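Please look over the model below.

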Amino acid sequence: MDTLILLQSATGNTALVTEYAAMRIRAGGHACRVLDIASDQSIDLHSWGAEQPRLLGVACPTQYFRPPFAMERAVARLPDQDPPVPAFLLATAAGEPGAHFAMLARQLEAKGYQAVGAHWVCAPSDWPPHRIACLPAQPIAAAGRAVASRWPGMRLLLSLIWPDVTEPNSGDRDALDRFVDRVLDHAQHGRPAPAPESLYRPFVPGTYQMGLAMQAWQARKATAIRIDPDRCTRCGLCVKVCPVDALAWPDESQPPVPGEACTGCWACYHRCASRAISGWFSPAQLGRYRGPSRHMRSLFGRGVRST
Ligand SMILES: Cc1cc2nc3c(=O)[nH]c(=O)nc-3n(C[C@H](O)[C@H](O)[C@H](O)COP(=O)(O)O)c2cc1C
């Protein structure tokens, strides 16, 4: 099976989990490429593996109880398929994906891709206002983490006060292994896909409706980034990491200029090395997520066990 995974990851959680899933797919004897929609435009999707059975993956964080707007735009550019191509949806989220899977599955269905499965891995929140308005990471978070690993059902509640207690553990990695195996089995045997709404039932009431209702301009307003010209080193990284090309840079001696296309993903804020970017409720020094911890990296970065 020729597998292509579309990836978006603002701060690295989804990238880590996706690379792990890709390794497991390869370990099962299948080709698998990961295409980062923010930086890698090299694969010609129209000529993707037309001769052999294909499997599409769509991997991204949940943002505002829905998939990132940038991923929706990438999916809109996929070539239409007939007969249908099986697909799987992979997400990381801090506690509640809401309408994420149903929205993507419906969009894919309209283009001839059938979502045969969806899975999310719980990961620390990288939403800056959340990280500021939470309890300090140490020392009490250790207690939160112990509770979270003993009773995973408590993670959602705990994540509201300690964003880092939603770090995944070995049980989450095992669940991802099982998901990948199930998807491969499903796709190889051509089993019928479930209805988009039945891929995932939201746990928190109202989040499905909130995800459906969220508009890009509302997300942009929630972020409203500013770039401090004194701190900005003109490195251009923010321009590169923006998945929707929302930062213009007409004069390289001046900071880039945020534009109306912004969809509020905060990638530029997190990745700016000189901390020149601030946003609504989040001054430049605060609320940054440094990316997956060493523990998370060792969990998902060490290669896969055999299938
Ligand atoms: C703008 C924004 C909105 C978010 N909204 C949600 C949400 O609705 N539900 C949730 O569980 N997590 C939410 N998160 C947390 C991310 O989904 C989570 O931290 C994810 O692992 C980040 O993945 P990445 O490192 O690949 O970007 C949000 C994060 C950001 C930056």
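## Domains

The centres of domain 2 and domain 3, taken over C-alpha atoms, are separated by 30 Å. The protein chain is assigned domain 1 (2–124 + 167–212), domain 2 (132–164) and domain 3 (215–278). These bounds come from an automatic or database domain assignment.

This is a predicted model: local features need pLDDT of at least 70, side-chain atom pairs count only at pLDDT 80 or more, and totals for chains, interfaces and linings use all residues. Residues are numbered from 1 along each chain as its sequence is written.

## Ligand shell

Which domains give residues to the shell around the ligand? Domain 1 and domain 3 both do, so the ligand lies between them. There are 26 residues around the ligand. Ser9, Asn13, Thr14, Pro61 and Ala93 come nearest. A residue is near a molecule if its C-beta atom, placed from the backbone, lies within 6 Å of it.

Two or more residues each come from α1 (13–27) and β4 (85–93). The largest share is that of α1, with three residues. Helices (H or I, at least four residues) and strands (E, at least two) are DSSP runs, numbered from the N terminus.

By residue class, the shell holds twelve nonpolar, twelve polar and two charged residues. Ala, Val, Leu, Ile, Met, Phe, Trp, Tyr, Cys and Pro count as nonpolar; Asp, Glu, Lys and Arg count as charged; the others, Gly among them, count as polar.

## Packing of α1 on α7

Two packed helices are described by the angle between their axes and the distance between the axes. For α1 and helix α7 (residues 170–188), the angle is about 50 degrees and the axes are 10 Å apart. That makes α1 oblique to α7. Axes are lines fitted to C-alpha atoms, for helices over the stretch in contact, and angles run from 0 to 180 degrees between N-to-C directions. Angles under 35 degrees count as roughly parallel, over 145 as roughly antiparallel, 65 to 115 as roughly perpendicular and the rest as oblique.

The crossing of α1 with α7 is right-handed, meaning that the near helix is turned clockwise from the far one by less than a right angle. On the α1 side, Val17, Tyr20, Ala21, Arg24 and Ile25 meet Leu176, Asp177, Val180 and Leu184 of α7. Residues are in contact if their C-beta atoms, placed from the backbone, lie within 7 Å. This contact has seven nonpolar, no polar and two charged residues.

## Packing of α1 on α12

Helix α12 (residues 294–301) packs with α1 at about 15 degrees, with the axes 9 Å apart. The two helices are therefore roughly parallel. Their crossing is right-handed. Leu16, Val17 and Tyr20 of α1 make the contact with Met296, Arg297, Phe300 and Gly301 of α12. Five of these residues are nonpolar, one is polar and one is charged.

## Backbone details

Asp82 and Pro83 are joined by a cis peptide bond, with omega about 5 degrees. Pro83 sits in the loop between α2 (69–76) and β4.

Trp266 has a phi near 70 degrees, a positive value in a residue other than glycine. Trp266 lies in the loop between β8 (257–258) and α11 (267–271).

Key: Two residues are in contact if their C-beta atoms, placed from the backbone, lie within 7 Å.
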